[in-house]
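Below is a short briefing on one protein structure. Look at the sequence and the model before reading the points that follow.

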Amino acid sequence: MREGRIKKALSGFYYVEGDGEILQCRARGKFRKEGISPLVGDWVEVRELGNGEGYVEAVKPRKNAFLRPAVANVDQIVIIASEAIPKTDPYLIDRLSAIAALKDCGVVVVLNKCDLNSAEDLYHIYRAAGFPTICVSAETGEGLSELKPLICGKLSAFTGNSGVGKSSILNALDSEFHLQVGEISEALGRGRHTTRHIELYHLDCGADVVDSPGFASFDSEELNLELKRRLPETFPDFEPYLYSCRFVGCSHTKEKGCAVLAALQDGVLQRSRHDSYLRLYEELKPLKEWEEAKK
């Protein structure tokens, strides 16, 4: 029996890396019975069969796990955004950062294509909200030296709306990478998906990264009852004001004496952040405790 980490899952096989070797493994049927599937990023125990093959026998305890993309033990989500084509809606960043907080993940905001658009508005919003935020250009290399220390020694999931430059940034970070890069449709302002599966990569700067499909892959199932209960605390810039409201159980949406709304009125909190909070609040509002209990 040996230990390793799942680097890739494809066509029913798990590619487990350990001791400088990659084994092609299948998983025991017991995982299906237990309702647990091994995921990219999992630390696992493997029984070797010889000829580079084996079976995944056990999954080590996880720090966290995401449904879509199917990945585990993520330290942080690196959100790639842009104010050039395709332009990123701040709500998508805020939605994803809330899910990350729920999963005990850090968040780094990377504003790509700064050679085409400085992205000053997004930079100001997310720096003010307390997220590590940097401007980069995969085309010119600007800002990449600032990104490397933010991801070194961690497992980061790279994500963002299609065409924003996730694969281009990975290619620019490590000369050994040759990930496919999609073209931008100027008519639609969208990019074509180039990431087809989930895979863990090692960068020469000492980082582990998962290149995942775009924002849509973080399935709505992640917007669950737990997020509804904890929504205010998933906005870290709200935290200083959450316990200063006049009424216990304040929803921070329209109540009199709400400290969050007061901070918003005073310009301490960013308007777009609260707008995203309201959208998430309304999206989660229909979820009921008894519906969760049925699952």
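How many bridges join strand E2 to strand E3? Five bridges join E2 (residues 13–18) to E3 (residues 21–27), and the two strands run antiparallel. This is a predicted model, in which local features need pLDDT of at least 70 and side-chain atom pairs count only at pLDDT 80 or more, while totals for chains, interfaces and linings use all residues. Residues are numbered from 1 along each chain as its sequence is written, and side-chain values use heavy atoms, with hydrogens and water left out.

**Strands**

- Strands (E, at least two residues) and helices (H or I, at least four) are DSSP runs, numbered from the N terminus.
- Two strands pair if DSSP finds at least two bridges between them.
- E2 and E3 form a hairpin with two residues between them.
- Asp19, in the turn of this hairpin, has a positive phi of about 55°.
- Gly18 has Glu21 in E3 as its bridge partner.
- E3 also pairs with strand E5 (residues 53–59), in the parallel sense and over four bridges.
- Cys25 has Gly54 in E5 as its bridge partner.

**Helix H3**

- Leu122, Ile125 and Tyr126 of helix H3 (residues 120–128) are buried (under 20% relative accessible area with a 1.4 Å probe, protein chains only).
- These residues lie on the same side of H3, because they cover an arc of only 85° around the axis (the arc of the directions from the helix axis to the C-beta atoms).
- The buried residues of H3 pack against strand E8 (76–81), helix H2 (90–102), strand E9 (106–111), strand E10 (133–135) and helix H8 (271–284).
- Gly130 follows H3 and has a positive phi, near 95°.

**Helices H4 and H5**

- Helix H4 (residues 144–151) and helix H5 (residues 166–173) pack at an angle of about 90°, with their axes 11 Å apart.
- H4 and H5 are therefore roughly perpendicular to each other (65 to 115 degrees).
- H4 contributes Leu144, Leu147, Lys148 and Ile151 to the contact, and H5 contributes Ile169, Ala172 and Leu173; contact means heavy atoms within 4.5 Å.

**Thr253**

- Thr253 lies in the loop between helix H6 (225–230) and helix H7 (259–265).
- Thr253 has a relative accessible area of 18%, so Thr253 is buried.
- Leaving out residues up to four places away in sequence, Thr253 touches Leu261, His274, Tyr277, Leu278 and Tyr281.
- Thr253 and Tyr277 are 24 residues apart in sequence and 8.6 Å apart in space, C-alpha to C-alpha.

Key:
Buried means under 20% relative accessible area, exposed over 50%, partly exposed in between (1.4 Å probe, protein chains only). Axes are lines fitted to C-alpha atoms, for helices over the stretch in contact, and angles run from 0 to 180 degrees between N-to-C directions. Angles under 35 degrees count as roughly parallel, over 145 as roughly antiparallel, 65 to 115 as roughly perpendicular and the rest as oblique.
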